[in-house]
Protein chains: 2
Amino acid sequence: MIANAPFSLSCPLPELSFDRIMLGHGSGGSMTRQLLDEVIFPALDIQGEHDGAVLEPVTGRMAFTTDSFVVHPLFFPGGNIGDLAVNGTLNDLAMCGAQPRQLSLSFILEEGLPIADLWEILHAIRIAADSAGVAIVTGDTKVVEKGKGDGVFINTSGIGTLLPEANIHPRRIQPGDRILLSGPMARHGITIMSQRQGLQFDAAVTSDTCNLFPLTRLLLETCGKDVHFMRDPTRGGVATVLNEAALSSGTGIHLLETALPLDSAVEGACEILGLDPLYVANEGLLLAVVAEAAAAAALAALQSHPDGQQAAIIGTVVAEHPGMVIMESRIGGKRVVSMLPGEQLPRIC
Amino acid sequence: MIANAPFSLSCPLPELSFDRIMLGHGSGGSMTRQLLDEVIFPALDIQGEHDGAVLEPVTGRMAFTTDSFVVHPLFFPGGNIGDLAVNGTLNDLAMCGAQPRQLSLSFILEEGLPIADLWEILHAIRIAADSAGVAIVTGDTKVVEKGKGDGVFINTSGIGTLLPEANIHPRRIQPGDRILLSGPMARHGITIMSQRQGLQFDAAVTSDTCNLFPLTRLLLETCGKDVHFMRDPTRGGVATVLNEAALSSGTGIHLLETALPLDSAVEGACEILGLDPLYVANEGLLLAVVAEAAAAAALAALQSHPDGQQAAIIGTVVAEHPGMVIMESRIGGKRVVSMLPGEQLPRIC
C-alpha cells in the first residue's frame with residue numbers, strides 16, 4: 001500500500017523555471033541537465049551518472065529482462081505508469097527465479113507533459129524501487145514533439161541474481177502438477193478499462209500492481225525444485241499464459257472454474273463490460289506450476305503472505321489433450337479456453 | 001560498411017497475412033505470437049523466450065546501460081533506427097571501458113507501421129549485433145494507436161564486462177592530459193538534418209553510426225590506466241561532452257580549432273544550415289582524455305584502425321579557467337565554447 005501514498009503532498013515539486021516538458025529537455029545540453037538535476041535526480045534521490053553504470057561482481061547466474069510501458073491513462077486507482085514500470089520488470093525477473101538487483105530507467109516524454117505529472121510518476125518509481133530494495137543505476141531521457149507520443153512511455157530493464165533453488169522452465173511442467181494462482185484475477189485490466197470508459201462501480205476496483213518477488217522467494221524457499229514454472233499473467237491474462245505453457249510443455253491443462261479467485265466487484269465489472277476475466281491483464285498476480293506432492297505446502301506458503309491470502313489451486317496438468325486448456329464450468333460442463341487472437345484491452349501496461 | 005548492405009534485397013520479407021502493424025500485435029495473444037514467430041524472431045535469427053533471459057556467470061565487474069531511440073526519420077544515409085539503437089548502447093558500454101556482451105531489445109510500434117519497414121530495421125539490428133559479437137537475449141513489443149507514437153521507438157539496454165585495464169572517470173582528468181577525437185565531427189546530425197530538410201549536397205554525407213568498442217579496446221590495450229576518460233559525443237556534440245568533463249573534473253579545457261577533424265562536405269552543410277559542428281550529434285565518434293605521456297601512442301593506436309584513420313589530438317586539459325572550455329580559433333583569437341541551453345537538432349537519436 002506504500003505505493004498509494006500521496007507523493008505529491010509528502011514531497012512537493014520544487015520551484016522551477018518551467019512547468020512543462022519542452023523539446024530542449026531532450027537536447028543533451030543544459031536544459032537536459034536542468035531537468036535531470038532539478039527534477040529527475042532529486043525525485044529519485046540519486047546521484048546521476050547518466051550513460052552507464054559499473055556494477056560490483058556477482059556470483060552465480062544472472063537474469064536480464066526488459067519491458068516498455070505505454071499504459072493509458074498514466075494514472076489509475078492503485079498506481080501509475082511509474083510503479084507499474086518498476087513492478088513489471090521486477091516481476092519478470094522474479095518469474096525467472098531471480099532476486100531483482102538493478103534497474104535501468106528510460107523515458108520517452110512528449111513535449112507539453114506537465115512537470116507535476118512527471119514528478120508524481122518519479123515518486124511512484126522511487127517508492128516502488130526502494131521498497132523492493134533495488135537500485136536504479138542508469139537511465140536515459142528523450143523528448144518527442146507534441147502529437148508524436150502520449151505523455152510518458154517508460155522502459156525499465158533489470159538485472160537479478162538467480163536464487164539457488166530456481167529451476168524454472170515450461171519444459172519442466174508435467175502431468176500431475178498443480179496450478180496455483182496467488183490472488184484474484186483481472187483487477188488491473190478492469191481498473192484501466194473502467195478509467196477509460198469513465199465507469200464507476202459500487203465497490204472500488206484498484207490495480208493489483210505490486211512486486212511479486214516476496215511471493216516467488218517464499219515459494220522457492222518452501223518448495224525448491226518442485227516449482228516447475230512461474231509466470232505473471234499480464235497482457236492476455238491467465239488464459240494466455242496457460243495456453244503458452246500447455247503448448248511449450250506438450251501437456252494438457254485442466255482448469256476448475258469454481259476454484260478461480262475473483263473479487264465480486266471485478267466479476268460484476270467484467271459482466272457489464274462483456275469481458276472474460278480469464279483474458280484480462282493482471283500486474284500483481286503469480287501463476288505457478290508445482291509438483292503434486294508440493295502443492296499443499298506451496299499453497300500454504302502463498303497464503304501466509306499478505307499478497308497471497310486469496311491464493312488457490314486452480315487446476316491440474318494432465319497428459320490428455322496436449323497443448324489445450326480445458327475448463328470445467330460451474331455447472332459441470334467443459335469448454336476449451338483458447339488463446340485470443342488480438343487485442344482485448346489495448347495499452348494495459 | 002556491413003551495416004549498409006541491402007538487407008531487404010538479401011533477405012526478403014516472408015509471405016504474411018498482414019502488411020502493417022495492428023493494435024492486436026501488442027495484445028500478448030496469438031497476434032503477438034504471430035508477429036514474433038513470423039517476423040521478429042526469424043529476422044533476428046533467434047529462438048525467442050520473451051520475458052527474461054538467464055545468463056551464464058561472469059567474472060569481474062559489469063557495466064549496465066540503457067538508451068531509448070526516437071530518431072526521425074527512421075531511415076537515413078548510413079543506417080536506420082535499428083543499427084543506431086544497437087550501436088548506441090554498445091557505445092555506452094564501451095565508454096565505461098566494458099566489452100559489450102548482451103543486449104535487450106524493446107519496441108514501441110505505432111499502429112499502421114509497414115511490416116516491410118520493421119523487417120528492414122530488424123535486419124539492421126541483427127547485422128549490427130552479429131558483427132559486434134553481442135547477443136540479443138530478451139525483448140518486448142508494445143503497440144500504440146496511430147497518432148500516439150511515430151513509427152518505431154526502440155529501447156536497447158546492455159550488459160558488458162569491464163576490461164581489466166579500464167579505470168574511466170571524469171574525476172581522473174587532470175591538467176596536462178591530451179584530448180583525442182577518433183574522426184570527423186557532425187556527420188550523424190548533419191545527415192539527419194539534411195534528410196529532414198530535403199537538402200542535397202554535392203558530396204554524400206552519411207551517418208557515422210558504428211560500434212566503437214574496437215577503438216576503445218585498442219586504446220585501453222595500448223595505454224591502460226593512462227586512459228582517464230572516454231565518451232561518445234552524441235546529443236549536444238563535442239562541445240557538450242567537453243563542458244561536462246570540465247565541470248566534473250574541475251579542470252579547464254583548451255581546444256585548437258585547426259586540429260578539429262571535419263569533412264569538407266559536412267563543413268559546407270553546417271555553413272548552409274547555420275550550425276556549429278561542435279554542437280552537432282555524432283554516433284560513431286570517440287572522445288578520449290589520456291595522460292600526456294601516452295598521447296602519441298594513443299593517437300597511433302586509433303589511427304591504426306579503419307574507423308580511426310582521421311583521429312587527432314584536439315586539445316589539452318589545463319589548470320586555468322576550471323569548468324570552462326576555451327577554443328583557440330584559426331586566426332589565433334580565443335572564445336568560450338559554452339553548453340547550449342536547448343535543442344539544436346531534436347530527435348537525432
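Reader: Before we start, what counts as a salt bridge here?
Author: A side-chain nitrogen of Lys or Arg within 4 Å of a carboxyl oxygen of Asp or Glu. Keep in mind that this is a predicted model.

Reader: OK. Which residue does Arg235(A) form a salt bridge with?
Author: Asp140(B). The closest N and O atoms are 3.2 Å apart. The cut-off is 4 Å, so the pair qualifies.

Reader: Where do the two partners sit?
Author: The pair crosses between chains. Arg235(A) is in the loop between strand E9 (227–231) and helix H7 (237–249) of chain A. Asp140(B) is in strand E6 (residues 135–144) of chain B.

Reader: And how many salt bridges over all chains?
Author: The search of the whole structure finds 30.

Reader: Now inside one chain. How is chain A divided?
Author: Into domain 1 (23–162) and domain 2 (170–336). Their C-alpha centres lie 28 Å apart.

Reader: How much area do the two domains of chain A bury between them?
Author: About 1,600 Å², with 62% of it on carbon and sulfur atoms. In domain 1 of chain A, the residues losing the most area to domain 2 are Pro77(A), Asn91(A) and Met95(A). Together they make up 35% of what that side buries.

Reader: How many residues are in contact?
Author: 20 from domain 1 of chain A and 21 from domain 2 of chain A.

Reader: Which elements supply the domain 1 side in chain A?
Author: Strand E3 (75–76), helix H3 (81–95) and strand E5 (98–110) of chain A each supply at least two residues. H3(A) gives the largest share, 8 residues.

Reader: What's that side made of, by class?
Author: 12 nonpolar, 6 polar and 2 charged residues.

Reader: Back to charges. How many salt bridges between those two domains of chain A?
Author: The count is 0.

Reader: And how many residue pairs in polar contact there?
Author: 6, counting pairs with both residues at pLDDT 80 or more.

Conventions:
Residues are numbered from 1 along each chain as its sequence is written. Chains are lettered from A and ligands numbered from 1 in the order in which they are written. This is a predicted model: local features need pLDDT of at least 70, side-chain atom pairs count only at pLDDT 80 or more; totals for chains, interfaces and linings use all residues. Side-chain values use heavy atoms; hydrogens and water are left out. Domain bounds come from an automatic or database domain assignment. Contact means heavy atoms within 4.5 Å. Buried area is the accessible area (1.4 Å probe) that two parts lose on being put together, summed over both. A polar contact is a pair of N or O atoms within 3.5 Å; within protein, one must be able to donate a hydrogen and the other to accept it, and residues adjacent in sequence count only if both atoms are side-chain atoms. Helices (H or I, at least four residues) and strands (E, at least two) are DSSP runs, numbered from the N terminus. Ala, Val, Leu, Ile, Met, Phe, Trp, Tyr, Cys and Pro count as nonpolar, Asp, Glu, Lys and Arg as charged, and the others, Gly among them, as polar.
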